[in-house]
Amino acid sequence: MEISIIKGTGRYVPPRCVTNHDLTRWMDTSDEWIVQRTGIEQRYWVPEEGGVGVSDLGLEASKIALERAGWRAQDLDLIIFATLSPDLFFPGSGCLLADKLGLTTTPALDIRQQCTGFLYGMATADAYIRSGMAKRVLLVGAEVHSTGLDVSTRGRDVAVIFGDGAAAVCLELTESDAQEGVLASCLHADGSLAESLMTYAPASRDNPRISEKMLQEGKHYPVMDGRNIFKHAVRRLPEVAGEALEKAGLPLSAVDLFIPHQANMRINQGFAKALDLPEEKVYHNIQRYGNTTAASIPLAFDEAIEKGVIGPGSTVMFLGLGAGVTWGAVLYRFPA
Ligand code: UT7
């Protein structure tokens, strides 16, 4: 049977660490509020003067993942780049990354699924591999949020949450009859909730797409109905976890580690409580990175591997909910 196996992972965050205390210089907030409501203590942001795009962060993470897989960039059949903060409005950051890797013909596609970009990317990579369309896929989740946040008090509910970062995984076609590799993927979307978390401009439905007035109104900054997103996450995450387990024919106890999207520590604690999971089965690193959207799950995955929390034979569930709204889960088992 043809299956998809992860051969290497890597992560990269820019060196500028911004603590909750640092944020109080720009907006009316406090370390206490941020820690209590989200669990976040610090995040990493690209240099304030700019010049570092999301494909630059993706490149650093990709180099590590490729090296660990023992691959050269030329070995890739496909690049999938998940981000909501592309370097340019178009073309996609996957093309820019391919260029930075020295590739001139390798196909590259961008996934604009925000917090579930990695989950949609895993499902897409797996489908390409199992259908015979690709043997070696590089999947990157990366964000540069900091250059697009309203760091005044007006934007504080959103700005304190987001961090910059990137992570990458290398997926390869493998022949195996064991129950391993990508075991199940479940993806969902409900566009009726689009306005609960969005950045309005540049908007093709407006002419021009961006204007002085829009800039003054802050239409180019993300806005979020945090409570509504929170409510949907706490309902959908246990639901989709059950759906993925059913699809794979596995019990809840078969999962060694749940790696949820790092949006809010309270959401993930709510998820653990709903499924009655012991604390150590749900991975958290939001304290140190904030919410890195498409990068958050692979970043946590790479860290958990490095710490030895998971390894050969482990079964992992990736899951998340975010803008769209979109939500999903992917179940993966390392070869023994
Ligand atoms: O990854 C994408 C998916 N996103 C999520 O999953 C986010 C889900 N939602 C959340 O994580 C939470 O809703 C937030 C962390 C965004 C907000 O927490 P909350 O407990 O829902 O707070 P709230 O928005 O209801 O605001 C409570 C109060 C308000 O003041 P009043 O009206 O009660 O006087 C806000 O103005 O907290 C105020 N507030 C802040 N205070 C200090 C909002 N942001 C801040 C801030 N610092 N940064």
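Q: Buried means under 20% relative accessible area; which residues of helix α9 are buried in this predicted model?
A: The buried residues of α9 are Met265, Ile267, Asn268, Phe271 and Ala272.

Q: Why is asparagine 264 called buried?
A: Its relative accessible area is 10%, and the word buried applies under 20%, so asparagine 264 is buried. This asparagine belongs to the loop that runs between β11 (257-260) and α9 (265-274), and, leaving aside residues up to four places away in sequence, asparagine 264 touches Arg37, Thr38, Phe230 and Ile286.

Q: What makes the pair formed by asparagine 264 and the backbone oxygen of arginine 37 a polar contact?
A: A polar atom of the asparagine 264 side chain lies 2.9 Å from that backbone oxygen, and the limit for such a pair is 3.5 Å, so the pair counts as a polar contact. At the start of α9, the backbone nitrogen of arginine 266 has a side-chain oxygen of asparagine 264 within 2.7 Å, which also meets the limit of 3.5 Å.

Q: Which residues are closest to the ligand?
A: Of the 22 residues that surround the ligand, the closest are Thr29, Arg37, Arg227, Asn264 and Asn291.

Q: Why are β8 and β13 said to pair?
A: Strands pair if at least two bridges are found between them, and eight bridges join β8 to β13 (residues 326-333), so these strands pair. They run antiparallel, and histidine 188 stands opposite tryptophan 327 in β13.

Q: What makes β8 and β11 the edge strands of their sheet?
A: This open sheet, in which the pairing is mixed, has four strands in the order β8-β13-β12-β11. Both β8 (181-189) and β11 pair on one side only, and these are the edge strands. Helix α11 (residues 296-306) packs on this sheet and touches β11 and β12 (315-322), its direction making about 145 degrees with that of β11.

Q: How do you know that β4 and β5 pair, and in which sense?
A: Strand β4 (residues 78-82) and β5 share four bridges in the parallel sense, and at least two are needed, so the strands pair. Here alanine 82 stands opposite isoleucine 111 in β5.

Q: Which sheet contains β4 and β5?
A: They belong to an open sheet of five strands with mixed pairing, in the order β1-β7-β6-β4-β5. Its edge strands, β1 (2-12) and β5 (108-111), each pair on one side only. Helix α11 packs on this sheet through contacts with β1 and β7 (165-175), and its direction makes about 90 degrees with that of β1.

Note on methods:
Residues numbered from 1 in each chain as written. Predicted model: local features only at pLDDT ≥ 70, side-chain atom pairs only at ≥ 80, totals over all residues. Heavy atoms only, no water. Buried < 20%, exposed > 50% of the residue type's maximum accessible area, 1.4 Å probe, protein only. Polar contact = N/O pair within 3.5 Å; in protein donor to acceptor, adjacent residues only side chain to side chain. Contact = heavy atoms within 4.5 Å. Axes fitted to C-alpha atoms, helices over the stretch in contact; angles between N-to-C directions. Near = heavy atom within 4 Å.
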